Amino acid sequence: MGNRLAIVWALLVLAVGVHQVRFWRSARLETDILALLPEDEQAPQVGAATRKLADESGRQLVLLVGAPDWESAQRAAEAATEALSQAGAPLEPARVDATALDAAVEFYRPYRDRLLTPAQRAWLASATPEELGGTALMKLYQPAGARLTDWSDDPLGLWPDWWAARAAENEARPRDGRLWLSGEGREWVLLTWQSQVSAFALGDDAKVTAAVERARAAVAAIPGGRLVAAGVPLYAEAAASQASREISTIGLGSLVAVLLLVWLTFRSLRPIVLVGVSLMIGCAVALSVTALLFDRVHLLTLVFGASLVGVAEDYGFHYFAARQGKPAAERGRVMRFLLPGMLLALLTSVVAYLALGLAPFPGLRQMAVFAAAGLVGAFLTVLCWFPTFDLGDLPVTAFAERVSASLSRWPRITSEKRWWPAMAGLLVVSAGGLWRLETRDDLRQLQGAPANLLEDQRELGRLLGLPSPAQLFLVEGEDEEQVLQREVSLKQRLDALVADGVLTGYRAVSDWLPPASQQRADAELSARAEQRAVAAVAAATGEEPSRARFANDVLTPARFLSSPAAPAIRQQWLGPLGSKQYSVLMLRGLEGPAVLARLAAAAHGLEGVRWVDKTEEISRLMGRYRRLMGGLIVAGYLAVLVMLLARFKREAWRAWVPSALGTLLTLAFFGWVGEPLQLFTVLGLLLLLGMGVDYGIFLLEHPGDGSAWVAVALAGVSTLLSFGLLGLSATPALRTFGLAMLLGEVSIWILTPCFRMPPGKDIT
Amino acid sequence: MKRLLALACVLLYTTASASELLTGVRSRLADPPLLRGQFEQKKTVAGFKKPLLSRGEFLLSRGKGLLWDTRAPFAATLTLTRKSLSAEQKTGGAAYHLDASREPALAAMNEFLFALLSGDVDSLSTRFRVEGELVGADGWRLTLTPTDAGLARVFRGIRLEGDRFVRQVQLEETSGDSSLIQFTQLAQTPPPGATETERLGK
């Protein structure tokens with residue numbers, strides 16, 4: 001029976017091994033923190049919009065090279081370009097299509113008469129015939145101008161202004177064959193490069209970052225020179241190197257600790273090898289199951305998963321602690337003897353981990369699946385393989401003896417009067433801490449990117465006047481025309497806010513593709529005004545000039561979207577989602593969160609217009625789930641109590657109180673040190689419920705049994721270490737999670753033996 | 001190999017002669033801080049049978065701007081400074097104004113026009129291929145072909161003629177329109193008057 005189990009498990013492990021080899025050959029790892037964020041429950045279109053905007057810039061690297069004057073800025077740009085194109089950097093200059101603008105101008109030419117800026121519309125409607133005629137004459141007699149058409153195609157010279165308004169959506173302007181902008185005391189050259197590789201392998205040597213740093217050094221050599229860079233590849237590389245650093249710290253750190261403890265306790269190679277194998281298989285199973293269930297494994301899952309090492313070792317410890325000092329022939333019986341307690345412990349842990357997945361954060365679900373699968377893998381290895389491979393004797397070591405004996409010296413809390421002041425003090429401290437506890441729900445918890453990257457990103461956005469990716473308007477309509485019309489109504493309100501300085505501008509599809517109704521009205525308006533202007537010029541010159549003819553039909557969305565003009569704005573046109581059409585209107589130059597309320601108000605009363613503040617929405621979602629999970633913890637404690645009562649009857653509280661008390665103390669500590677309560681703290685506490693109770697279970701299952709205490713003591717130390725190391729993570733969410741686990745584990749670990757059964761008493 | 005050497009020699013010779021030309025033109029130009037005079041412009045525009053004639057006076061102040069005042073066939077003023085471009089017709093009240101801070105390309109256009117009217121060959125040769133010849137004892141003639149994509153969109157080519165001053169500019173636009181501008185009564189005095197100073201300060 002035992003051997004058959006071992007063979008079945010060996011086959012499964014083999015399959016996992018094969019899968020692992022294939023997984024690492026084509027590592028599909030995710031670094032984007034957006035992937036960790038939940039789907040918007042109310043409006044899936046918002047998710048679609050965010051993804052579309054993010055996809056556009058996946059490989060792009062945007063650099064601004066600045067210097068006090070244009071001459072040295074150009075030299076700096078050359079130095080940067082040279083550094084970036086050095087061998088070894090997987091970068092290439094983004095293809096700048098010089099003919100794209102000409103092609104767009106040609107495309108729009110037949111529709112010139114219906115492309116007006118709001119200011120032009122107002123002027124054409126109010127100008128006197130003299131004014132119109134005078135303007136046309138002046139422009140006609142001007143020495144030379146940046147005309148895009150023949151005089152007869154645009155007698156009032158309106159079109160260059162319309163193009164200038166389109167160009168104003170971005171601060172960069174062509175100058176001497178480069179893209180130039182001026183700001184914050186420097187002249188800047190805009191460079192766009194792209195990474196040649198989209199996927200990356202973990203442990204890659206951050207080649208793009210290295211190339212950018214070389215360019216930064218080259219630019220710094222020019223007096224007053226400065227380089228600002230941003231792009232997804234830089235974030236991806238930073239995340240990858242950070243993750244691989246943390247995985248090795250946490251994973252190797254706890255592995256070394258676990259193996260050291262095993263060696264100290266058992267002084268034998270066999271337990272070290274077997275426990276090591278169980279951990280390896282646990283991690284491999286975890287990764288395989290995650291990779292099979294999810295499209296891509298996220299880097300943070302691996303970082304979090306590294307803490308699994310300190311948890312999954314419990315089962316191996318228990319087995320060897322119980323098996324120590326017994327003849328090899330009894331190992332099957334030892335396993336059967338341990339099985340109920342181990343199963344119950346596994347069950348509570350797995351349930352606790354899977355409960356993490358109740359929050360609709362895809363990242364958390366991955367971590368939950370990863371941990372649960374890892375625990376089951378390690379448990380099955382212990383169950384199926386340990387009795388088969390653990391042959392020979394395993395004498396009790398002096399160290400194990402000492403640890404085992406320490407249980408009887410551990411203080412035991414009783415109802416005697418001398419414990420009352422201590423208990424009262426504990427309650428006061430806890431209550432005080434809980435009173436001071438603050439909460440915070442902030443999306444930035446997930447952001448572990450280095451500060452200099454974020455700073456560069458902000459500076460670049462400011463200089464270039466890039467639209468905000470997190471705050472936008474989603475416009476919905478029955479058909480394309482309605483979407484465009486609704487955009488126009490929204491823009492009228494936004495124009496007032498632009499005039500007030502609330503924002504500097506916006507980008508809307510309807511600026512490039514006006515709704516058909518407006519195209520018709522504007523064509524009529526410009527025709528009337530220009531015919532007057534042409535008549536005035538005819539009278540003044542004695543000639544017979546005429547106004548050119550334009551397209552008869554309106555510019556349709558289908559025509560626009562397949563045109564060379566579309567790439568400038570296509571990412572904001574979501575098109576059909578379900579039965580409706582959608583577009584995104586983006587905002588530029590938002591100054592601080594104070595203005596957001598006014599923008600949100602701009603959507604009030606406009607049908608089909610929805611204000612989206614992604615940051616706010618996710619924070620609210622995190623808050624909601626923090627409360628929900630908090631409630632779940634309370635419910636979880638009650639459920640666990642019921643479960644414990646079923647098995648341990650009147651003694652159940654002995655396993656339950658330490659965990660509950662440990663959780664309260666952790667919360668109190670957070671309160672006293674001013675560390676806010678976040679969703680991830682709560683999730684840590686949820687996990688604590690599942691794992692802390694294990695110690696109580698083991699001690700109750702085997703009261704007075706020193707070997708159970710040995711296992712609990714060692715398991716506690718290694719778990720502690722894993723989560724303590726997780727507390728060093730650069731990702732704030734993982735840090736608070738690790739900290740909650742660390743504090744909770746310490747207090748539960750100290751408290752559990754305090755509530756053990758009186759000597760000589762047995763549960764049965 | 002021989003042909004390659006020959007090619008290299010030709011290239012070297014051309015660059016040498018190009019830079020000689022620039023030095024020559026530069027030494028013949030007076031390059032005054034202030035230049036004023038009369039202009040006569042003959043503009044050929046598609047859709048008009050006869051060339052459009054206009055005349056008036058201009059003032060070019062180095063580093064400040066250009067005043068271009070048409071007197072005939074109608075009165076209009078054009079003011080181009082580092083900061084803005086504004087045009088105004090005396091009768092009829094037509095006017096328009098462009099702000100360089102809102103339209104940065106204006107600064108580049110501005111720089112180009114200054115270079116053109118003052119014959120700043122160094123500045124022009126960064127945006128144009130400059131060819132030409134020295135004429136007589138103190139004259140010169142230049143042909144400019146744009147190398148800058150933005151200018152190439154507007155101009156096919158530009159011809160300049162002059163001696164101590166630029167005397168004639170011929171602009172060939174890509175649309176087929178062209179302008180021939182001749183300058184007369186060029187002088188370096190008097191300094192700008194009160195109204196002129198005010199306009200240049202805008």
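Hi everyone. Let me start with one pair of residues: Leu142(B) stands opposite Leu160(B), which sits in β9(B). The strands concerned are β8, residues 139–146, and β9, residues 155–162, of chain B, and they pair in the antiparallel sense over five bridges. Please keep in mind that this is a predicted model.

Now let's step back to the sheet around that pair. In chain B, 11 strands form an open sheet, with antiparallel pairing, in the order β6-β5-β4-β3-β2-β1-β11-β10-β9-β8-β7. The edge strands are β6 (95–99) and β7 (128–135) of chain B, each of which pairs on one side only. If you ignore direction, neighbouring strands in this sheet are turned by 15° against each other on average.

What about chain B as a whole? Its secondary structure comes to five helices and 11 strands. Of its 202 residues, 29% are buried. Among contacts in chain B with a separation of 6 or more, 38% are between residues 24 or more positions apart.

Next, how many residues of chain B are in contact with chain A? There are 36, and they meet 30 residues of chain A. Several elements of chain B each supply at least two residues to that side, including β1 (34–44), β2 (52–61), α2 (105–118) and β11 (178–187). By class, the side of chain B that touches chain A has 19 nonpolar, 11 polar and six charged residues.

Over to chain A, and to strand β9 there, residues 467–477. Is this strand mostly covered or mostly open? It is mostly covered, with eight of its 11 residues buried. β9(A) pairs with β12, residues 580–588 of chain A, in the antiparallel sense over seven bridges, and Gly477(A) stands opposite Gln581(A) in β12(A). β9(A) also pairs with β13, residues 609–613 of chain A, again antiparallel, over five bridges. There, Gln471(A) stands opposite Asp613(A) in β13(A).

Chain A has helices to show as well. Helix α27, residues 706–726 of chain A, has 21 residues and reaches 30 Å from its first C-alpha to its last, close to the 30 Å expected at 1.5 Å a residue. α27(A) is mostly covered, with 19 of its 21 residues buried.

Finally, a word on annotation. An unreviewed UniProt entry places "domain: Membrane transport protein MMPL" on residues 206–423 of chain A. In the model, that stretch of chain A is 76% helix and 4% strand, and its end C-alpha atoms are 54 Å apart.

Technical notes:
Residues numbered from 1 in each chain as written. Chains lettered and ligands numbered in written order. Predicted model: local features only at pLDDT ≥ 70, side-chain atom pairs only at ≥ 80, totals over all residues. Buried ≥ 20, exposed ≤ 12 C-beta atoms within 10 Å, placed from the backbone. Pairing = 2+ DSSP bridges. Contact = placed C-beta atoms within 7 Å. Nonpolar A, V, L, I, M, F, W, Y, C, P; charged D, E, K, R; others polar. UniProt positions renumbered as here; feature names shortened; annotations may be inferred. Expected span 1.5 Å × (residues − 1). Axes fitted to C-alpha atoms, helices over the stretch in contact; angles between N-to-C directions.
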